[in-house]
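Notes follow as I made them.

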Amino acid sequence: MPTVELHRATLPNGLRVLIAPDPATPVVAVAVHVDVGFRSEPEGRTGFAHLFEHLMFQGSESLEKLAHFRHVQGSGGIFNGSTHQDYTDYFEVLPAAALERALFLEADRLRAPKLTEENLRNQVDVVKEEIRLNVLNRPYGGFPWITLPPVLYDTFPNAHNGYGDFSELEQATLDDAAAFFDTYYAPGNAQVTVAGYLDVDETMKLVEKHFGDIPARPTPVRPSFHEPIPGAERRRSITDAHAPLPALAIGYRLPDPGTELDSYLGHALLASVLGDGEAARLQRRLVHGDGLVTDVSAGAGLMGSLDARNPDTFTITAVHPVGVEPDQVVAAVDEELDKLAAAGPSAEELARQVARWSAALYQETDREVYRMLGLGARELLFGRAELAVELPQRLAAVTPDQVAAAAANLRSAGRGVLLVEPKGEQS
């Protein structure tokens with residue numbers, strides 16, 4: 001991945017600024033990352049972080065509803081937002097000449113979104129429909145990112161449904177929304193990232209012009225979401241009326257990427273060795289060899305690698321025929337992990353997976369929006385946007401012994417096993 005030039009600043013109101021000039025592109029990308037995600041929402045208000053993301057698109061004191069959309073699209077740009085475990089982001093990509101427009105729009109809603117009863121009720125209905133579409137009425141909906149955490153974790157922040165419970169979403173009030181905004185959308189709890197075809201000094205002046213007068217508020221202290229690793233296997237079954245075949249997910253705890261990055265990356269490459277491509281171990285064994293499953297995958301991170309602080313989850317998921325017992329699949333996975341723990345992957349096997357990772361990273365960051373979002377998220381979560389640039393080199397430095405250690409780590413700790421049954425009563 002090409003080197004990147006980074007410039008950092010902090011405004012008097014606490015807002016952090018990251019600027020990454022890229023003269024090779026004709027566009028600018030702007031994002032606001034807010035340090036609040038699923039894990040920070042209050043008990044009794046599951047799904048509130050995601051609901052609030054929707055509310056931030058409903059106008060502001062300066063702009064009526066849909067005006068933000070018209071300004072971006074009228075300039076030939078794109079926009080969106082997303083909610084993650086530990087952050088929420090809002091972003092747009094516009095022609096370079098429209099940089100100030102993008103900064104004005106993001107500052108305007110960070111300063112004073114239009115929180116009204118009408119907007120709240122409307123967006124609760126929108127989120128409920130989204131849940132119906134993506135979870136309730138879809139085969140394997142919410143599997144495993146919603147359904148696995150309650151098996152592996154005990155605390156509300158780590159175990160609850162980040163999409164939200166209908167009854168709790170319906171009970172959300174304007175006071176809840178105002179309190180959430182005042183607490184978590186303080187300038188000191190946010191970061192602005194600007195990347196693309198820009199002049200650094202002029203961009204900094206524009207950021208100060210549009211964001212500098214947002215009043216400072218107390219910045220919340222982020223609690224630790226740490227909890228002990230289970231000492232043994234935990235197992236739970238759920239039913240899925242839409243699933244054509246049984247499925248299972250195995251979840252393990254990942255090392256802390258903030259303090260044990262090399263170990264974390266060993267686990268990331270272990271996931272690739274197990275599940276990425278037709279030559280991956282679980283593909284060869286479970287799909288093509290024993291015929292135990294119709295599909296299998298592995299991943300480091302519920303929502304992607306390096307997308308959350310500690311704790312996060314290593315997952316192995318599989319869909320299998322009705323006649324195959326889940327314990328057959330779990331036993332085969334354990335055997336493959338034991339083999340890797342004993343001997344590690346071959347140098348050629350590991351190099352192949354590093355090449356797959358690197359190719360995917362280069363392809364993704366070829367688009368300015370993904371490069372900017374990667375820089376912004378790593379800066380917010382770990383204080384080092386450079387991680388997004390260093391990742392191919394860091395992965396290439398991972399050794400077979402580190403992957404073997406990762407496999408041994410999974411076999412030595414407790415885990416959660418979630419079974420999905422196409423029919424029958426939930427246990």
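I started with the rule: a salt bridge is a side-chain nitrogen of Lys or Arg within 4 Å of a carboxyl oxygen of Asp or Glu. This is a predicted model, where local features need pLDDT of at least 70 and side-chain atom pairs count only at pLDDT 80 or more, while totals for chains, interfaces and linings use all residues. Residues are numbered from 1 along each chain as its sequence is written, and side-chain values use heavy atoms, with hydrogens and water left out.

**Entry: salt bridges**

How many salt bridges does the rule give? I got a count of 30 salt bridges.

I looked up Glu379 and found it in a salt bridge with Arg8, with 2.7 Å between the closest N and O atoms. Glu379 sits in helix α14 (residues 368-382) and Arg8 in strand β1 (residues 7-10), so this pair ties together parts 371 residues apart in sequence. For the names, I took helices (H or I, at least four residues) and strands (E, at least two) as DSSP runs, numbered from the N terminus.

Next I checked burial: buried is under 20% relative accessible area, exposed is over 50%, and partly exposed is in between (1.4 Å probe, protein chains only). Glu379 is buried at 13%, and Arg8 is partly exposed at 42%.

Then I turned to Asp213, which forms a salt bridge with Arg111, the closest N and O atoms being 2.7 Å apart. Asp213 is in the loop between α9 (200-211) and β7 (234-239) and Arg111 is in helix α3 (residues 99-111), so they tie together parts 102 residues apart in sequence. I noted Asp213 as exposed, at 52%, and Arg111 as partly exposed, at 28%.

My last pair was Arg285 and Glu336, whose side chains meet in a salt bridge (2.8 Å, N to O). Arg285 belongs to helix α11 (residues 281-289) and Glu336 to helix α12 (residues 326-343), so the pair ties together parts 51 residues apart in sequence. Both Arg285 and Glu336 are buried. I also found one network, joined by salt bridges that share partners: Glu233, Arg235, Asp327, Asp334, Asp338, Arg411 and Arg415.

**Entry: helix α4**

Which residues of α4 are buried? I listed Asn119, Leu120, Gln123, Val124, Val127, Lys128, Ile131 and Val135. Seen down the axis of α4, the buried residues fall within an arc of 165 degrees (taken from the directions from the helix axis to the C-beta atoms), so they line one face of the helix. On the face turned away from the buried side of α4, I found the exposed residues Glu118 and Leu133.
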